[in-house]
Amino acid sequence: QVQLVESGGGLVQPGGSLQLSCAASGIIFSIYTMAWYRQAPGKERELVAAISSDGGTNYVDSVKGRFTISRDYAKNTVDLQMNSLKPEDTAVYYCNAAIVRGLRYDFWGQGTQVTVSS
């Protein structure tokens with residue numbers, strides 16, 4: 001059974017930092033692309049950052065230079081370090097594991113709320 005369990009969300013003031021963590025089980029972690037998505041109220045879910053099986057990363061333009069995604073192959077975890085947070089970063093953040101084997105297979109965590117407000 002695949003499980004992605006997020007932690008680390010919360011309330012933070014503008015300019016502050018938070019670190020999200022996602023623990024994966026039930027998958028061969030090393031071969032999956034891991035990613036963080038977010039969904040703000042009334043908006044579609046968007047890709048925030050992704051890290052491939054070989055460690056390559058990509059980010060949505062709005063978070064470049066502020067967010068860093070990393071993965072620990074020993075612990076089967078993927079983290080998202082978020083600095084210089086802005087109110088527009090407020091959203092539910094979801095951990096995602098994806099692999100393409102002919103078809104694309106996605107697994108999702110339950111989501112964690114991040115609120116940036118003074």
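Predicted model: local features only at pLDDT ≥ 70, side-chain atom pairs only at ≥ 80, totals over all residues.
1. Strand β4, residues 33–39, is joined to β9 by seven bridges, and the two run antiparallel.

2. How many of the residues of β9 are buried? Eight of the 11 are, so this strand, spanning residues 91–101, is mostly covered. Buried here means under 20% relative accessible area.

3. Now look at what else β9 pairs with. Six bridges link β9 to β10 (residues 103–108), again in an antiparallel arrangement.

4. What do β9 and β10 form together? They make a hairpin with one residue between them. In the turn you will find G102, with a positive phi of about 80°.

5. Strand β11 (residues 112–116) is also a partner of β9: three bridges connect the two, and they run antiparallel. Find V92 and you can trace its bridge partner, Q113, in β11.

6. Next, the open sheet. Four strands build it in the order β1-β3-β8-β7, with antiparallel pairing. Its edge strands are β1 (3–7) and β7 (67–72), each of which pairs on one side only. On average, neighbouring strands of this sheet are turned by 15° against each other, direction ignored.

7. Finally, zoom in on β1 and its neighbour β3 (residues 18–25). Five bridges join these antiparallel strands, and S7 stands opposite S21 in β3. As you follow any strand, a handy reminder: in a regular strand the side chains alternate between the two faces of the sheet.

Methods: Residues numbered from 1 in each chain as written. Heavy atoms only, no water. Pairing = 2+ DSSP bridges. Axes fitted to C-alpha atoms, helices over the stretch in contact; angles between N-to-C directions. Buried < 20%, exposed > 50% of the residue type's maximum accessible area, 1.4 Å probe, protein only.
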